[in-house]
Amino acid sequence: MTDSMIGARATPRLVFGPSVQPGAQSGKRMLPEEVAVALSFNGTTQAVMMATPEDLVDFGYGFAQTEGIATPADILSVEVETLPKGRDVQIWLAPEAEAKLSARRRTMTGPVGCGLCGIDSLDQALRDVPTAQPSAFRMTPAHVMEAVASLPAQQRLHDATRAVHCAAFWNGKLTLAREDVGRHNALDKLVGAMVRIGTSPAGAVVLTSRVSIDMVQKVAMLGAPMIIAVSAPTADAVTLAESAGITLIALARSDRFEVFTHSDRILEESHVR
């Protein structure tokens, strides 16, 4: 095992247990890195998140998109500066886009498990989101299970550390995937990768995490019509997905899944030509 990889490093530890004879066994375990990442817009820090220091340019583009701050057309450049105590993702916006900063102003330090820390109003936390646009995108049950079964092959950091989330995109196959210690960060990185290369959102976002309201909000801002998650949703995430026109599939495995909203996008095998 190497002592480091992008986003993770080997850390000394002792192993105790009946299978370790005699006493403890020394060695190293690969663990994900977690650093403070500032997201700064036109020189002003908008958010500070604890995140895995990988794919941070994608993180900047994705955060701007999913938080309604800026679209890729509004972004002039994204630069990542390494500082003694973390990373500063410096996002530079066109002058006409700066007004959006005041609409969703954040001054927050976000732990990896929280996507709403520091929002200063209930209206911001429960913001309106776009409704999924009509499209011809459909999946069969076999496709859904194939998407979930394909996910482990995209989880390089998870294989090494067993401690990160993954967000991936399926449009006939898994075409993109991003990982992070935070589930919101992983999703933002995926969205950023997609908008940077112009990937159509007509497909399914596949998540290794639970589905909360803010995760549905982010997918809605991307414009994807479907979420597939291996864990459960909250009841209010289901309500939001229903109103946003998003098909929400959860508790998905390689042999079963549950559909909570807009099941019309799931085609029976007999209907597929």
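Which residue just after helix α1 takes a positive phi? Gly-68 does, with a phi of about 75°. The structure is a predicted model in which local features require pLDDT of at least 70 and side-chain atom pairs count only at pLDDT 80 or more, while totals for chains, interfaces and linings use all residues. Residues are numbered from 1 along each chain as its sequence is written, and side-chain values use heavy atoms, with hydrogens and water left out.

The chain contains eight helices and 14 strands, where helices (H or I, at least four residues) and strands (E, at least two) are DSSP runs numbered from the N terminus. Of its 273 residues, 50% are buried, that is, under 20% relative accessible area with a 1.4 Å probe, counting protein chains only. Among contacts (heavy atoms within 4.5 Å) between residues at least 6 apart in sequence, 50% join residues at least 24 apart.

Helix α1 spans residues 56-66, and ten of its eleven residues are buried, so the helix is largely enclosed by the rest of the structure. The buried set includes Leu-56, Phe-59, Tyr-61 and Phe-63. The axes of α1 and helix α6 (residues 183-197) come within 6 Å and cross at roughly 95°, axes being lines fitted to C-alpha atoms over the stretch in contact, with angles from 0 to 180 degrees between N-to-C directions. The two helices, α1 and α6, are therefore roughly perpendicular to each other, a class covering 65 to 115 degrees. Residues making this contact include Phe-59, Tyr-61 and Phe-63 of α1 and Asn-185, Lys-189 and Val-191 of α6.

Asp-180 lies in strand β10 (residues 174-180) and counts as buried at 0% relative accessibility. Its side chain forms a polar contact of 3.1 Å with that of Asn-185; such a contact is a pair of N or O atoms within 3.5 Å, one able to donate a hydrogen and the other to accept it. Neighbours within four places in sequence aside, Asp-180 is in contact with Met-50, Ala-51, Thr-52, Val-164, His-165, Asn-185, Ala-186 and Lys-189.

Strands β6 (residues 75-83) and β7 (residues 86-93) run antiparallel and are joined by eight bridges, pairing being assigned if DSSP finds at least two bridges between strands. A hairpin of two residues connects β6 to β7, and Thr-82 has Arg-87 of β7 as its bridge partner.

Methods
Angles under 35 degrees count as roughly parallel, over 145 as roughly antiparallel, 65 to 115 as roughly perpendicular and the rest as oblique.
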